[in-house]
Amino acid sequence: MNCPSCGFVNPPNMKFCGQCGTKLPVSCWRCGAVVPEGFNFCGQCGADQRNPEPAAVGVPAAVAPA
């Protein structure tokens, strides 16, 4: 994430800029949109920011019976 104050490129999931210490905006866990502080839901996709869904990595898809 680029710092809105100094432009420094920070690694993902950082809360403060590693260069200038400015608080970084929070991104939606589902769509990546900026979620303003205090919002419980993303204004772009409606995802609940209080309870992010677990990643579905490694979860096998349901197989239809033959």
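Here is a short walk through this predicted model, one selection at a time.

Before clicking, some ground rules: residues are numbered from 1 along each chain as its sequence is written, and side-chain values use heavy atoms, with hydrogens and water left out. As this is a predicted model, local features need pLDDT of at least 70 and side-chain atom pairs count only at pLDDT 80 or more, while totals for chains, interfaces and linings use all residues.

**Whole chain.** Colour by pLDDT (the predictor's confidence in each residue, from 0 to 100). The chain averages 85, and 80% of the residues score at least 70. Switch to cartoon and you'll find two strands and zero helices; these are DSSP runs, with strands (E) needing at least two residues and helices (H or I) at least four, numbered from the N terminus. Of the 66 residues, 17% are buried (under 20% relative accessible area with a 1.4 Å probe, protein chains only; exposed is over 50%, partly exposed in between).

**Residues 56-61.** Select this stretch next. Here pLDDT stays under 50, and the model has zero contacts beyond four places in sequence (contact means heavy atoms within 4.5 Å).

**Val35.** Now go to strand β2, residues 34-35, where Val35 sits. Its relative accessible area is 6%, so Val35 counts as buried. Show what is around Val35: beyond its neighbours within four places in sequence, its contacts are Val26, Ser27, Cys28, Phe41, Cys42 and Gln49.

**Largest pocket.** Select Asn13, Met14, Pro25, Val26 and Ser27, the closest to the centre of the largest pocket among its 14 lining residues. A pocket is an open set of points on a 1 Å grid over the protein atoms alone, where a 1.4 Å probe fits, with protein on both sides within 12 Å along at least five of seven lines; lining residues have an atom within 4 Å of a point. The space here is about 340 Å³, counted as that filled by probe spheres set on the points. The lining splits into 10 nonpolar, two polar and two charged residues.

**Second largest pocket.** Finish with a volume of about 200 Å³. Its lining includes Val35, along with Lys23, Leu24, Pro25, Val26, Pro36, Glu37, Gly38, Phe39 and Gln49. By class, that gives six nonpolar, two polar and two charged residues.

Definitions and conventions:
Ala, Val, Leu, Ile, Met, Phe, Trp, Tyr, Cys and Pro count as nonpolar, Asp, Glu, Lys and Arg as charged, and the others, Gly among them, as polar.
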